[in-house]
Amino acid sequence: MSTASEMPYVEGVHLQRTDENVREIAALAGLLGEPAGLGGLLADLKYRVRRARVLPRLLGRAVREAWRWDDYDERDEQWYPQGISTSADASDTEDVDGRRVLVTTWYSTGRDGTKRGSRVTFVDLDSGTYRHVLLVSPVLDEDGRLVLRPMNIHAGGIVWAGPYLHVAATSRGFVTARVDDIMRVPGDDDHPDRLGVEGSAVHSFGHRYVLPVRFTHQAFTDEGHEKLRYSFMSLDRHSDPPALVAGEYALRAGATTRLARYPLDPMTWQLSTGDDGFSRPLALDDGGVRQMQGAVMAAGRFHVSVSHGPWMPGSVYAGRPGSMRRRRWALPMGPEDLSYWPSTDRIWSLTEHPRRRWIVAMDRAWFD
């Protein structure tokens, strides 16, 4: 297996992984018991997604399938959906234990005065059920006591690669959790405004399950270069080597719209690293578009989602960086991250605005 130091990487930006939170996660498991893992969570899904009430094509010209969250999550102004990945990213067989599964991210708006960080949601497409899992950062204080902190990131994108979830953290880089670490909080937590440990009790902002972050891939920039913003992420599983694609959302004039490709080790599904411990991109292209919300490689080219606000349908740009073609009305209003499902040749996305929230699958060939 080649390391990053043996590949023709790009200078200017790089990532470095922090130490793993082994002791902290073990302390949390000491309170909550053996992790339930993904299998335990999938056996305890609670809420239902529903097929969209309107024809999928009416939501966007490229849309072929569409689902809605349950009534509460569709209206909720405390949490906004952002990132999406699927079991087609996680596995060569495109399923997990025979199930077709989506994973999405949400960030807390804090509109009620409480910032709850971010969470992930697993959706079983075959049963039409889902459940939210709160992302947490476990920390041991000076006295060795366990402290739980919210994962305060925008979580604009997610990559489910093997057993790992890589979640975009904008200027910080991205954070990584392991699905085997999903833990159940005993009982129904009736304190939706509280997070932390009190004696033997754990509060998790009302979530039945929590997922501790294992480490952070911290973003660094060489002198004379502009720091890369990890606004969204996707997986190019079938390139050689497989790659994590990251890109920048840009609204203000003059802001960069770069797209980066980092090599992944297909044995571990972690970033390849050089002898100096740094991970560097194989490519860093300046030719993205303004207001990108997600980008994915499919059929040998980029497909990029662009939002035009809460009332106008979204666009998809397809092509090579610097020469992408815009396809208007492809998506509903407020589209976010993208993920590609190879065997069906469909691109998945989701939308963020309350009362206009859908999970959608588009025909990739529509963009040819």
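**Pockets and their linings**

Me: Which helix and strand each supply at least two residues of the lining of the largest pocket?

Reply: Rolling a probe the size of a water molecule over the atoms shows where empty space is left. Here, α4 (71-75) and β8 (129-140) each give at least two residues to the lining of the largest pocket. Helices (H or I, at least four residues) and strands (E, at least two) are DSSP runs numbered from the N terminus. A pocket is an open set of points on a 1 Å grid over the protein atoms alone, where a 1.4 Å probe fits, with protein on both sides within 12 Å along at least five of seven lines; lining residues have an atom within 4 Å of a point. By the way, this is a predicted model, where local features need pLDDT of at least 70 and side-chain atom pairs 80 or more, while totals for chains, interfaces and linings use all residues. Numbering starts from 1 along each chain as its sequence is written, and side-chain values use heavy atoms, without hydrogens or water.

Me: What sits nearest its centre?

Reply: Y47, R119, F205, G206 and H207, out of 20 lining residues. That lining splits into 5 nonpolar, 4 polar and 11 charged.

Me: And what about the second largest pocket?

Reply: Its volume is about 280 Å³. Q82, H154, Y249, Q293 and E336 lie closest to its centre, among 16 lining residues. β5 (79-86) and β23 (292-298) each supply at least two of the lining residues.

Key:
Ala, Val, Leu, Ile, Met, Phe, Trp, Tyr, Cys and Pro count as nonpolar, Asp, Glu, Lys and Arg as charged, and the others, Gly among them, as polar. Grid points are joined across faces, edges and corners, and a volume is the space filled by probe spheres set on the points.
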